[in-house]
Amino acid sequence: MKRGYVKSSPHFFRLITIALGLTAVAVMLLAALVPAPLQEQGNLARVPNPVKSAWFLLWIQELVSYSKYLVYPVLALAACFIALPWLSPAAPQQGACWFPRACRGVSWGRLSHVCWCSR
Amino acid sequence: MIEDFLKHLFPRAVLQRNLTLSYTLCLGGLAFTCLMLLGASGGLLLFYYQPTPAAAYPSILLLESSVWGGRYLRSLHRLASHFFLVLIVLHTLRVILTGAYQKPRQFNWLVGCALFLCAVFEGYTGYLLPMDQLALWATQTGMELLHIMPLGGALRAVLVPDGVGGPASLLRFYVLHILMVPGLLLFLSGLHFYRIRRNKGVLPYL
């Protein structure tokens, strides 16, 4: 074994198992406290006010409420995210770190986007 | 055998100083845990759910009122799906903020993007299934959003051929939600883990 290295089993797998177990227990406990809502039977003749999309699409719904063409910047943003590895010319880093200098623009751009979506 | 396979997905040795939560925060693994919870709770829900417009809502009512633990099971499925989406977003954010998407990990970044889109679509297809007012109108609004996108009209015609809440639409959402998208999610997750191994480790630079 090279210096500084440890075997994945048990050191790494123990960490994973604890994280998995804690998450499963936390979600199962929370599920007992937060019941899933159920409204009256769906009826296309009765339109709720306001009509809302699924919570994870609400930000797009709000955006296109101003203009339907605003969906194109959303698609462009998605395309930019997919093409990220080819858009950032940064050289491979020597070590793992948060906010690497070469990708700082991308990092702050993404953070701003997430903050706006979660408003 | 399964345990050996799972262990094979990970490197045999890791840098001891990387065994901290401060870099990865285990977000991808936690999201996968939620996916497993979703599979388990969803599998049990299948015993009671009926995918027809007339029977879907009553089957949920039956589940909630007459089945022991039915209400809890539905809450668990819903909450796990919320956690799944939030954890995937946080995992994506972590990958971006640490620059872990860069070469040579570009292929795994693409797989991750596909996983993210599948997770959102899986959440969306699940929204309609209870067939209550919230489900029906949230799906309807989603279809309106899809309609204004390029090729959205064609996609909408495939997804809801008889309108949101119609028999064929509900059946399509059901099949997509319980079979096709979860299958794709599992396949892509396996590929994602395999590529991590190929890219030499869960953490960079092992």
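**View 1. The contact between chain A and chain B.** In this predicted model, 72 residues of chain A are in contact with 75 residues of chain B. The size of an interface is often given as the accessible area lost when the parts come together. For chains A and B, the buried area is about 6,700 Å². Carbon and sulfur atoms give 73% of that area. On the side of chain A, Leu38(A), Trp55(A) and Trp98(A) lose the most area to chain B. Together these three residues make up 11% of what the chain A side buries.

**View 2. Polar contacts and salt bridges between the chains.** The count of residue pairs in polar contact between chain A and chain B is 15, with both residues at pLDDT 80 or more. The count of salt bridges between the two chains is 0.

**View 3. The parts of chain A that touch chain B.** Six elements of chain A each supply at least two residues of the side that touches chain B: strand E1 (5-7) and helices H1 (8-33), H2 (58-66), H3 (71-82), H4 (84-87) and H5 (104-117). Which of the elements gives the most to this side? The answer is H1(A), with 16 residues. Sorted by class, the side of chain A that touches chain B has 50 nonpolar, 16 polar and 6 charged residues.

**View 4. A strand pair formed across the two chains.** E1(A) pairs with strand E1 of chain B, residues 13-15. The pairing is antiparallel and runs over 3 bridges. One of the residues to look for is Lys7(A), whose bridge partner in E1(B) is Ala13(B).

**View 5. Two cis peptide bonds in chain A.** Most residues other than glycine have a negative phi, and most peptide bonds are trans. The bond that joins Ser9(A) and Pro10(A) is cis, with omega about 15°. Pro10(A) is found in helix H1 of chain A. The peptide bond from Asn49(A) to Pro50(A) is also cis, and its omega is near 0°. Pro50(A) sits in the loop between H1 and H2 of chain A.

**View 6. A positive phi in a loop of chain B.** Met131(B) is not a glycine, yet its phi is positive, at about 60°. Where is Met131(B) found? The residue lies in the loop between helix H6 (106-128) and helix H7 (133-147) of chain B.

**View 7. Chain B and its annotated spans.** Chain B has 9 helices and 1 strand. Along the sequence, the pattern of chain B reads α-β-α-α-α-α-α-α-α-α. The C-alpha trace of chain B spans about 55 × 45 × 30 Å along its principal axes. An unreviewed UniProt entry carries the annotation "transmembrane region" for residues 21-49, 80-101, 107-129 and 171-194 of chain B. In the model, residues 107-129 of chain B are 96% helix and 0% strand, and the end C-alpha atoms of this span lie 34 Å apart. Residues 171-194 of chain B are 100% helix and 0% strand, with end C-alpha atoms 33 Å apart.

Terms used. Residues are numbered from 1 along each chain as its sequence is written. Chains are lettered from A and ligands numbered from 1 in the order in which they are written. This is a predicted model: local features need pLDDT of at least 70, side-chain atom pairs count only at pLDDT 80 or more; totals for chains, interfaces and linings use all residues. Side-chain values use heavy atoms; hydrogens and water are left out. Contact means heavy atoms within 4.5 Å. Buried area is the accessible area (1.4 Å probe) that two parts lose on being put together, summed over both. A salt bridge is a side-chain nitrogen of Lys or Arg within 4 Å of a carboxyl oxygen of Asp or Glu. A polar contact is a pair of N or O atoms within 3.5 Å; within protein, one must be able to donate a hydrogen and the other to accept it, and residues adjacent in sequence count only if both atoms are side-chain atoms. Helices (H or I, at least four residues) and strands (E, at least two) are DSSP runs, numbered from the N terminus. Ala, Val, Leu, Ile, Met, Phe, Trp, Tyr, Cys and Pro count as nonpolar, Asp, Glu, Lys and Arg as charged, and the others, Gly among them, as polar. Two strands pair if DSSP finds at least two bridges between them. UniProt positions are given in the numbering used here, feature names are shortened, and annotations may be inferred rather than shown by experiment.
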